[in-house]
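Hi everyone, thanks for coming. Please have a look at the model on the screen, and then I'll walk you through it.

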Amino acid sequence: MGSNARTSNCVRTLTLNINDAFPGKYFKAADVAEPKTLTITGVGMEQLQDGTQKPAVYFSESQQAFVLNKTNANFMSQAFGAQTEGWTGKQVILYKDQAAFQGRMVDCVRVKAAGGSAAPAAPAPANTDDVPF
C-alpha cells in the first residue's frame with residue numbers, strides 16, 4: 001500500500017465556534033456573543049491596518065485588546081475618568097450590540113462598567129416641597 005492511503009479512524013466530532021479556533025488580536029462582536037467580564041491592566045495606542053492609531057484597552061484575562069471607538073471611549077471616560085492610568089484594575093463587561101453603519105445595522109462591541117465600578121451618579125435634585133416662608 002502507498003503511503004498516501006487515507007485513514008478514517010481519527011475522525012472526531014466537535015461542537016466548536018470556529019471563531020474560537022482563530023482568535024484575532026482585537027475583540028470583535030463574535031468574541032463577545034456571551035458578555036465577558038474583564039479587568040483592565042492598561043491602555044495604549046495601537047496602529048491599525050488602515051494606518052490610523054486608536055486607544056486600546058488591555059486585560060488580565062485575555063490576550064486580545066479592545067480598540068476604542070469614539071462611543072466606547074466616551075463611556076470609559078465618563079465611567080472612570082479621562083486619565084487612562086486611573087482605569088487600571090477596573091472591571092468592565094464587553095458585550096455584543098448593534099449599531100447603524102453606512103445605512104445598515106451591524107454587530108459591534110460595547111462596554112459597560114461591571115458591578116458598581118462606574119463613576120458616582122449625579123446628585124438627586126433638591127426637594128422643592130419644603131419652601132420656607
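Let me start with a term: two strands pair if DSSP finds at least two bridges between them. Helices (H or I, at least four residues) and strands (E, at least two) are DSSP runs, numbered from the N terminus. What you see is a predicted model, where local features need pLDDT of at least 70, side-chain atom pairs count only at pLDDT 80 or more, and totals for chains, interfaces and linings use all residues. Residues are numbered from 1 along each chain as its sequence is written, and side-chain values use heavy atoms, with hydrogens and water left out.

So, the overall layout. The chain has two helices and five strands, and from the N terminus on the order reads α-β-β-β-α-β-β.

Now the strands. E1 (residues 36-47) and E2 (residues 53-59) are antiparallel partners over seven bridges. Glycine 44 stands opposite alanine 56 in E2, and glutamate 46 has lysine 54 in E2 as its bridge partner. The two strands form a hairpin with five residues between them, and glycine 51 in that turn has a positive phi of about 90°.

Alanine 56 turns up again on the other side: it stands opposite valine 67 in E3. E2 and E3 pair in the antiparallel sense over three bridges, and this hairpin has two residues between its strands. E1, for its part, also pairs with E4, antiparallel over four bridges, with threonine 37 opposite isoleucine 93 in E4.

On to burial, where buried means under 20% relative accessible area, exposed over 50%, and partly exposed in between (1.4 Å probe, protein chains only). Of the chain's 133 residues, 27% count as buried.

How many aromatic pairs does a search of the whole structure find? It finds one. The partners are phenylalanine 27 and phenylalanine 59, edge-to-face, at 6.0 Å centre to centre and with 75° between the planes. Phenylalanine 27 lies in the loop between helix H1 (18-21) and E1, and phenylalanine 59 in strand E2, so the pair ties together parts that are 32 residues apart in sequence. For the cut-offs, rings of Phe, Tyr and Trp (its six-membered ring) pair if their centres lie within 6.5 Å; planes under 30 degrees apart count as stacked, over 60 as edge-to-face and the rest as tilted. Both phenylalanine 27 and phenylalanine 59 are buried.

Of its 16 lining residues, the closest to the centre are Phe27, Lys28, Val67, Asn69 and Val109. A pocket here is an open set of points on a 1 Å grid over the protein atoms alone, where a 1.4 Å probe fits, with protein on both sides within 12 Å along at least five of seven lines; lining residues have an atom within 4 Å of a point.

E3 (62-67) and E5 (104-113) each supply at least two.

Last stop, the loop between E4 (91-101) and E5, where glutamine 102 is found. Its phi is near 50°, a positive value in a residue other than glycine. Glutamine 102 is exposed, with a relative accessible area of 69%.
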